Amino acid sequence: MGFKDAKQQVIQCLREGNILHEARGNIDVKNLLSTGSVSVEHVIEIIARARGDSHTSSPHHFDACIEVNIINTKHGGEDWYIKWYFLEPDSVFISVHH
C-alpha cells in the first residue's frame, strides 16, 4: 500500500474510532495516543500534514505479512514518530510520540 492510501485509511480509522494499541513496554512514553496525552484530532492533524518523504514501511517483526507504516515528521516545532499497521477494520498503533 502506498503512502497516500495508508494516510487516507489511517485518518478514516481515527475519525471512526477504529483504533487499537499494541501492548508494549514504556507505553506511557512511546504511545501518547493510548494514554490520552495526545488527542485523536492532533494525531489526525500530524498525519494529514505529513508528506510522502516522511513515510516508510517495513514488515512487522512478529508477522512479516503485516506491513507497518512509519511517519517521522516535524509538526508544531516537534519531531513526531507515528508507527501503525492495519488489522481490518482497525488501525493498530505501536508508537505515537515526539
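So, histidine 60 is buried, at a relative accessible area of 6%; buried here means under 20%, with exposed over 50% and partly exposed in between, using a 1.4 Å probe and protein chains only. Before I go on: this is a predicted model, where local features need pLDDT of at least 70 and side-chain atom pairs count only at pLDDT 80 or more, while totals for chains, interfaces and linings use all residues. Residues are numbered from 1 along each chain as its sequence is written, and side-chain values use heavy atoms, with hydrogens and water left out.

Where does histidine 60 sit? In the loop between β2 (55–59) and β3 (67–75). Strands are DSSP runs of E, at least two residues, and helices are runs of H or I, at least four, numbered from the N terminus.

And what does histidine 60 touch? Setting aside neighbours within four places in sequence, the contacts are Glu22, Ile66, Val68, Tyr85 and Ile94, contact being heavy atoms within 4.5 Å. With Glu22 there's a side-chain to side-chain polar contact at 3.0 Å. That term is for N or O pairs within 3.5 Å; within protein, one must be able to donate a hydrogen and the other to accept it, and residues adjacent in sequence count only if both atoms are side-chain atoms. As for Tyr85, it is 25 residues from histidine 60 in sequence, but 8.4 Å away C-alpha to C-alpha.

Okay, rings next. Phe, Tyr and Trp rings (six-membered ring for Trp) pair if their centres lie within 6.5 Å; planes under 30 degrees apart are stacked, over 60 edge-to-face, the rest tilted. That gives two aromatic pairs. Tryptophan 84 with phenylalanine 86 is edge-to-face, 6.4 Å centre to centre and 80° between the planes. Tryptophan 84 with phenylalanine 93 is tilted, at 6.4 Å and 35°.

α1 (residues 3–16) and α4 (residues 40–49) pack at about 170°, axes 10 Å apart. Axes are lines fitted to C-alpha atoms, for helices over the stretch in contact, with angles from 0 to 180 degrees between N-to-C directions. That makes the two roughly antiparallel, the label for angles over 145 degrees. On the α1 side, the contact includes Val10 and Leu14, and on the α4 side, Val43 and Ile47.

Notes. Parallel < 35°, antiparallel > 145°, perpendicular 65-115°, else oblique.
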